[in-house]
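Hi,

Here is the structure I promised to pass on to you. Have a look at it first, and then read my notes below.

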Amino acid sequence: MTTSEPGQSAENPWPVRAVATRVAKYIDRLGMVWIEGQLTELKLRQSTAWMVLRDPAADMSLSVSCPRDLVANAPVPLSEGTQVIVLGKPQFYTRNGSFSLRISEIRAVGLGELLARIARLRELLAAEGLFDARLKRPIPFLPGTVGLITGRASHAERDVVAVATERWPAVRFAIRNTAVQGPNTVPQVVEALRELDADPAVDVIVIARGGGSVEDLLPFYDETLCREIAACTTPVVSAIGHEPDNPLCDLVADLRAATPTDAAKRIVPDAAAEQALVAELRQRSAGALRNWVNREHHLLAQLRSRPVLAQPLQALDARSEEVHRALAAARRDIGRLITAESDRTGHLSARLKTLGPAATLARGYAVVQTGGRVLHSVADAPAGTRIRVRVADGAVTAVSEGPEGA
C-alpha cells in the first residue's frame, strides 16, 4: 500500500500548526512592501495603534498595526478618510490564524500626487469614451419621480427639494441618504445608484453635495463611481460642489449642474415660467391667427373688387356689343351682296329675255310649225297643210293655201 504525501489525503492530514507555519513562512517571504489606501478606522492604545486600510476602488481592506508614536509623528494629522502610503511587512499570526500588516513608515498622499492620479484617470476614462457627448442620455422635460442621493439633512438636500418643489409642486422625490465624504462614500453612493436605477418610477437621478476641498470631494473622483454612473440606464445629474469644482463624475454624468440649486432648476421646469410661456404662446398664436384672417380677408376684398368678379357680366356685355356690331355688319354686307347679285341676276335675266324667242315674238314675229317642226321653207307647207302659228300671247292653227303667187 502506497503512503500519500502529508496533507494530500484524509489518511495523512497536516496538523493545524503545520499549515499555519507554512502560511506564515510564505507570507514572510513577501518582505517589506509599499501600500496605498484610505484609513477607515483608527484606534490608539497605550503603545500600539490599530487601523484599517481600505482600497477605495474595491470593497477590500487590511488590518494595520504600528507603534503609537508613528501615528503621532505622521506628516499630516491622520483621521478616517485620509489617503496614505505606508511601508509595512505582512504578518500571519499562527496563534489565531489572523493576517495583519505591521507598518514602519507612513506618508500622506500629497495634493500634487492626487491631482496627477486624477489626471491619469481622466485620460483613461476619456480614452474609453465615458465622456463622449453622444452617449449622454437626455433629461426628461417633466420627471415624475426624482431620485436624490445626498447627505442626510444636508444643505444640498434642502436646496434641491425646496427649489424643485417651488418650481413644480407636483414633483416627487426618492431620497437616498449616504455618506458624501470619507471612505464609506463610494460604496454607499454606488449602492444607492443601483437601487434607484432599478426603480422604474425614477426618471432622473441627482447626486448632490456641497462644496469642499479636493480631499473632501475625492470620492467623486473615484473610478468605480464613475463607471457605475456610466452604466446607469436612468439619466444622472451630477451636482457636486460649486462652480469651480469639477470632479470626474461631472464629466461622466449625463448633465453637470454647477450647484445643487442649479440641478433643481435644470431637472424640473418652472411652473410659473411655463404658464407665462403658455400664455405668451397663446397670445402670439391668437395674434398670428388674427393677422392671417385679416390678410386673407384683405386678399378676398381685393379679389372681389376686381372687375372680373365685381361685374362679371361686363366682359360679356362688351363682347355682346361687338357681336351685335359684327352681326349688323354681316347683315349689311350680305344685304349689299344680295342686292348686287339681284341686280346682276336682273341684268342677266333681261339679257336673256332680249335674246330669247319670247322677246322676238313680242316684237311681232311668229313661229310657224308643222308636224311639230319649225317651218323653214314655203315648200314645207304646200296647200292644205295644217300649220301652227305661235305669237307672243299664244298660238293659232291655220291651213296653208300654198306658196303665195303660185
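In what order do the four strands of the open sheet stand? The order is β12-β11-β13-β14, with antiparallel pairing (strands are DSSP runs of E with at least two residues, helices runs of H or I with at least four, numbered from the N terminus; two strands pair if DSSP finds at least two bridges between them). β12 (373-374) and β14 (394-399) are the edge strands with a single partner each, so one side of each has no neighbour in the sheet. Six bridges join β13 (residues 386-391) to β14, and valine 389 sits opposite valine 396 of β14.

Before you go on, please note that this is a predicted model, where local features need pLDDT of at least 70, side-chain atom pairs count only at pLDDT 80 or more, and totals for chains, interfaces and linings use all residues. Residues are numbered from 1 along each chain as its sequence is written, and side-chain values use heavy atoms, leaving out hydrogens and water.

Next, the helices. The axes of α5 and α6 (lines fitted to C-alpha atoms over the stretch in contact, with angles from 0 to 180 degrees between N-to-C directions) come within 10 Å and cross at roughly 10°. The two helices are therefore roughly parallel (angles under 35 degrees). Their contact (heavy atoms within 4.5 Å) includes Leu193 of α5 and Ile229 of α6.

Isoleucine 229 also touches Arg137, Ile207 and Val236, among others, not counting residues up to four places away in sequence.

Enjoy exploring!

Note on methods: Angles under 35 degrees count as roughly parallel, over 145 as roughly antiparallel, 65 to 115 as roughly perpendicular and the rest as oblique.
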